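Here is a short briefing on the inside of a protein chain. Look at the sequence and the model, then read the points below.

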Amino acid sequence: MPSSSSSTTATDSVAIISKCKIHPDKNSIIKSLKLSVSDLPMLSCQYIQKGVLLSQPPLPPHHLIPLLKLSLSKTLSHFPALAGRLSTDDKGHVNIICNDSGVEFVHSTATHLFTHQILLPNCDVHPCFKTFFAFDKTLSYAGHHQPIAAVQVTELGDGVFIGCTVSHAVVDGTSFWNFFNTFAEISKGAMKVTNSPNFCRENVFNSPVVLPLPDGGPAATFSGDEPLRERIIHFSRESILKMKFRANNPLWKPQNSDLNDAEIYGKANNDGNGKHNGTLKPKSEISSFQSLCAQLWRSVTRARNFHDTKTTTFRMAVNCRHRLDPKVDPFYFGNLIQSIPTVASVGDLLSHDLSWAANQLHQNVVAHDNATVRRGVKDWESNPKLFPLGNFDGAMITMGSSPRFPMYNNDFGWGRPMAIRSGKANKFDGKISAFPGRDGDGSVDLEVVLAPETMAGLECDQEFIQYVS
């Protein structure tokens with residue numbers, strides 16, 4: 001149950017009404033969990049900050065806040081690691097001690113803000129969203145001395161924002177959204193959890209290797225102080241299918257001027273006999289998301305105005321749960337991800353077409369099989385290090401999150417979210433996050449963070465803009 005203190009302080013546009021600790025409603029039967037080869041590198045990353053914008057709740061705040069606190073307490077009984085603390089033993093291994101110490105709960109208000117004001121189309125992301133999360137600029141290592149997770153509930157003039165902040169050394173996106181979904185499910189009145197987390201650590205990522213860390217913990221690997229612009233860019237299902245078709249059919253040209261978009265989409269989805277206009281389809285089809293990533297890579301790189309000899313990198317995280325043999329439970333709790341960098345010269349990337357860039361990404365993803373995952377673990381064990389998050393040469397793009405995550409499943413009892421937004425955490429020039437489109441029809445929202453001059457160039461890139469909804 002909560003242990004609380006109340007005060008009212010103003011932070012930019014948000015007034016903090018109260019803060020308290022929420023503890024699991026049942027004692028944890030799990031004593032500790034050792035951080036894995038995938039968890040440990042994230043100790044230098046900031047806490048994940050993601051949240052949902054919801055319409056006006058039917059309950060007044062004096063009923064809603066106690067309900068959410070109770071639901072969170074019940075949820076933590078299913079996710080006891082989130083209510084624990086990190087601890088480093090005398091051998092240097094970092095563990096989650098599931099001691100029911102609790103998570104932070106923040107109740108805040110910004111009732112002068114209305115949803116139509118903060119969801120303006122064709123604009124940069126409203127700065128208010130950065131104030132809707134706890135633990136700003138907090139590195140995941142801080143879970144040694146403060147809560148591993150926090151929930152902030154902010155009342156708006158005609159809605160509410162629920163923001164979750166969780167140590168990235170404890171969860172990846174899959175585990176984060178399973179926790180968020182479960183919190184919403186219990187708040188809605190569910191008596192049984194749909195997807196229980198799996199805490200088994202018996203896989204190749206469980207390693208005896210120690211990650212050397214400086215006294216007091218690591219430092220961030222990027223400054224976070226440079227000027228940035230941030231936009232949510234929407235791509236309809238139709239636009240993405242058009243990119244996918246062009247990525248998979250590099251030699252395709254319309255036979256006549258009457259070929260319409262419906263025919264293109266049909267071809268993109270139709271295996272047929274594997275041939276289009278005499279062009280043999282690849283044995284392994286380039287995906288919609290790989291096609292979108294390739295277009296973004298090309299357009300952002302063009303906007304950066306580098307010399308042709310400059311090397312550019314597109315880095316994307318992949319879920320290893322289904323790549324391992326034997327496969328790991330899809331709701332394994334923790335990080336089970338690896339990063340795939342794809343490298344090309346600016347000249348090669350921009351002189352070839354979309355299909356070339358998409359194929360570079362595609363081949364790297366397809367090659368990341370069980371053997372590659374295991375080799376990545378062994379490579380890390382031979383040289384344990386923190387994850388180098390950032391844009392170190394100005395020519396990098398890092399793709400995070402996934403349009404497959406069930407972000408819009410977070411119905412707390414009065415409807416699906418209106419929008420997904422994130423906080424300040426882990427943002428730098430070239431950091432992109434992929435969200436599913438709200439309609440659940442295959443559309444995608446990209447949260448694009450770029451240097452101001454690069455964003456201005458991207459907004460003028462006709463090859464890119466033709467696909468933007």
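**Rings and cores**

Phe132 and Phe161 are both buried. The model is predicted. The points below cover rings, cores, charges and cysteines.

**Aromatic rings**
- There are 18 aromatic pairs.
- One of them joins Phe132 and Phe161, whose ring centres are 5.2 Å apart. Their planes meet at 40°, so the pair is tilted.
- This pair links distant parts of the chain, 29 residues apart. Phe132 is in the loop between helix H2 (115-118) and strand S8 (149-156), while Phe161 is in strand S9 (residues 159-166).
- One aromatic cluster includes Phe176, Phe180, Phe183, Phe412 and Trp414.

**Nonpolar cores**
- The largest nonpolar core has 91 residues. Leu82, Phe132, Ile162 and Phe412 touch the most other members.
- Helix H3 (residues 173-187) gives the most to this core, with 6 residues.
- A second, separate core has 35 residues, among them Cys293, Ala294, Val318 and Val365.
- Beyond its neighbours within four places in sequence, Phe412 contacts residues including Val52, Leu68, Ile162, Phe180 and Lys188.

**Charges over rings**
- The charged end of Lys310 sits over the ring of Phe306, 5.4 Å from its centre.
- The charged end of Arg421 sits over the ring of Phe129, 5.5 Å from its centre.

**Cysteines**
- How many disulfides are there? The count is 0.
- Cys45 has its closest cysteine sulfur in Cys320, 16 Å away, which is too far for a bond. Cys45 is buried, at 2% relative accessibility.
- For Cys164, the closest cysteine sulfur is in Cys20, 14 Å away, again too far for a bond. Cys164 is buried, at 0% relative accessibility.

Methods. Residues numbered from 1 in each chain as written. Predicted model: local features only at pLDDT ≥ 70, side-chain atom pairs only at ≥ 80, totals over all residues. Heavy atoms only, no water. Core = buried A, V, L, I, M, F, W, Y, C linked by side-chain atoms within 4.5 Å. Buried < 20%, exposed > 50% of the residue type's maximum accessible area, 1.4 Å probe, protein only. Helix = DSSP H or I, 4+ residues; strand = E, 2+ residues; numbered from the N terminus. Contact = heavy atoms within 4.5 Å. Disulfide = S-S within 2.5 Å. Phe/Tyr/Trp six-rings, centres within 6.5 Å; stacked < 30°, edge-to-face > 60°. Lys NZ or Arg CZ within 6 Å of the ring centre and 35° of its normal.
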